[in-house]
Amino acid sequence: MKTNYAAVFISALAYWLLGAVWFGVLFNKPWMALENITMEQAKSMNPVLPYVVSFLLNLLIAYALAQVCIWRNANTTGRGASVGVLLWIGFIGPITYTTYMYEMRPKELFAINQFYPLAGMVLMGAILGAWTKKSV
């Protein structure tokens, strides 16, 4: 298989849009309360830069995930999604939970902040797995 750059772009965009729904609609108020962010602070942030940077980082994540999908021959929706789950369970979840534990941060905040990348990795993996380029 070869890297499908269109799938990388679309999966990064899907993850970015998931973030907008996750933090902007589903968990906006509890997340802000747990992070001690006021509405005034939120309104004072740069209105463009964080969104551009997060999309660029999502492209990096999607590209790396695409490479893992290629190495694992994850060329179906289910296989791609399972690669996303495995990477989250093996790396993202344990690393971030350890940090949250030592910082004595609320488990609810861990759930909001870290189940988003879990859902995102599954979504991106599913897109990348389903939309593979076969070697000719």
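Modeller: The lining of the largest pocket is made up of 23 nonpolar residues, seven polar ones and no charged ones. Here Ala, Val, Leu, Ile, Met, Phe, Trp, Tyr, Cys and Pro count as nonpolar, Asp, Glu, Lys and Arg as charged, and the others, Gly among them, as polar. The model is predicted, so local features need pLDDT of at least 70 and side-chain atom pairs count only at pLDDT 80 or more, while totals for chains, interfaces and linings use all residues. Residues are numbered from 1 along each chain as its sequence is written, and side-chain values use heavy atoms, with hydrogens and water left out.

The largest pocket has a volume of about 980 Å³. Of its 30 lining residues, G19, F23, S54, N58 and Y116 are the closest to the centre. Two or more lining residues come from each of α1, α2, α4, α5 and α6, and α4 gives the largest share, nine residues. Helices are DSSP runs of H or I with at least four residues, numbered from the N terminus. A pocket is an open set of points on a 1 Å grid over the protein atoms alone, where a 1.4 Å probe fits, with protein on both sides within 12 Å along at least five of seven lines; lining residues have an atom within 4 Å of a point. Grid points are joined across faces, edges and corners, and the volume is the space filled by probe spheres set on the points.

Leaving aside residues up to four places away in sequence, L18 touches Y116, A119, G120 and L123, where contact means heavy atoms within 4.5 Å. L18 counts as partly exposed because its relative accessibility is 21%; buried means under 20% relative accessible area, exposed over 50% and partly exposed in between, with a 1.4 Å probe and protein chains only. From L18 to M45 there are 27 residues in sequence and 21 Å in space, C-alpha to C-alpha.

Next come the loops. N73 sits in the loop between α4 (49–71) and α5 (77–102), and M104 in the loop between α5 and α6 (107–130). N73 is not a glycine, yet has a positive phi of about 55°; M104, also not a glycine, has a positive phi of about 55°. At 38% relative accessibility N73 counts as partly exposed, whereas M104, at 74%, counts as exposed.

The charged pairs give two salt bridges, each a side-chain nitrogen of Lys or Arg within 4 Å of a carboxyl oxygen of Asp or Glu. In one of them E35 pairs with R105, their closest N and O atoms being 3.1 Å apart. E35 lies in the loop between α2 (28–34) and α3 (39–44) and R105 in the loop between α5 and α6, so this pair ties together parts that are 70 residues apart in sequence. R105 also meets E103 in a salt bridge, at 3.8 Å from N to O. As for accessibility, E35 is partly exposed at 25%, R105 is partly exposed at 29%, and E103 is partly exposed at 44%.
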